[in-house]
Amino acid sequence: MSLLTDLVNLNLSETTDKIIAEYIWVGGSGMDMRSKARTLPGPVSDPSELPKWNYDGSSTGQAPGEDSEVILYPQAIFKDPFRRGNNILVMCDAYTPAGEPIPTNKRHAAAKVFSHPDVVAEVPWYGIEQEYTLLQKDVKWPVGWPIGGFPGPQGPYYCSVGADKSFGRDIVDAHYKACLYAGITISGINGEVMPGQWEFQVGPAVGISAGDEIWVARYILERITEVAGVVVSFDPKPIPGDWNGAGAHCNYSTKSMREDGGYEIIKKAIDKLGMRHKEHIAAYGEGNERRLTGHHETADINTFLWGVANRGASIRVGRDTEKEGKGYFEDRRPASNMDPYIVTSMIAETTILWKP
């Protein structure tokens, strides 16, 4: 008699050319991820080969009940680390039957920015540092923390090892390998300052692909925590008080910044970001005011500061970039629950297209 795990791990390629495609999209809250699967006749390598699909938008907060059909447009394909074989994960965005992007479709506007000839010419690179907190499922309290109590103060936990300091490493490592398998440009992981909090980095990724990859990496993390019976939180300040918040620092460069003389281009770009500080903050994630306090490695939400190697600044420039006169900078303002399509395209739009 087969066990459930035997059936889940069946290798379909032994008996059929058919594959399973898991269509993924962002739900009505702007942070909830939804997905459903369909059978396709054979392997697929490009999103243009995939059929559009639909779903009930009234059940995701994205359409009224009397006109509930929302259409999924496949946009990016990744290998499926759960089903493996030729099976795929498909990142989609959502449209009305008439072909208009629905309000929660932030990819459509981002794709317009990234397809602008001036942006294409600059080949914008992104490296996103996605922080998150692992919570015990029934009490919504960080893993490794005593129920109703607190661990010792911050200090021993950042990049730590040991059962009394590092909590959830099996989930983190499973996620790391699953993302590599899927074809996401995940470039590293580390334990964070608050116990139970971790970070993964995606990049360098070019243009719209940075948003696609962060969303699919989040989806894979949600699936893994589902299996582990743990809840992942992207709240920017999950625990009030003297504990670090969670961000999604965005490292950024353009072709001009990466070439000789690029440091002057970087400084001009930072000046432009400073001029639009309020607009960026408004788009950088819900609840960010609880995180950007001027403490715990942040700048105050109402203040725009930049500096070299300053982790208390809004924008940090690395020592190597200053020394070499070219490179990249880090926007430290985005919250962990930011929409990567909004943040990446807004940075490109402000630094490349916007004329003060």
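Residues 106-356 run 38% helix and 20% strand, and their end C-alpha atoms sit 24 Å apart; helices (H or I, at least four residues) and strands (E, at least two) are DSSP runs, numbered from the N terminus. UniProt lists that span as "domain: GS catalytic" in an unreviewed entry, with positions in the numbering used here, feature names shortened, and annotations that may be inferred rather than shown by experiment.

Heads-up: this is a predicted model, where local features need pLDDT of at least 70, side-chain atom pairs count only at pLDDT 80 or more, and totals for chains, interfaces and linings use all residues. Numbering starts from 1 along each chain as its sequence is written, and side-chain values use heavy atoms, with hydrogens and water left out.

**Ring pairs**
- There are 12 aromatic pairs in the structure, meaning Phe, Tyr or Trp rings (six-membered ring for Trp) with centres within 6.5 Å; planes under 30 degrees apart are stacked, over 60 edge-to-face, and the rest tilted.
- Trp 145 and Phe 150 make a tilted pair, 5.9 Å centre to centre with 55° between the planes.
- Phe 150 and Trp 243 are stacked because their planes are at 10°, with ring centres 6.3 Å apart.
- Phe 114, Tyr 126, Tyr 252 and Phe 329 are linked into a cluster by ring pairs.

**Burial**
- Trp 145 is buried at 3% relative accessible area (buried is under 20%, exposed over 50%, partly exposed in between; 1.4 Å probe, protein chains only).
- Trp 243 is buried too, at 8%.

**Charges over rings**
- Lys 52 lies over the face of Tyr 73, 4.1 Å from the ring centre; the criterion is NZ of Lys or CZ of Arg within 6 Å of the ring centre and within 35 degrees of the ring normal.
- Arg 218 has its charged end over the ring of Phe 234, 5.2 Å from the centre.
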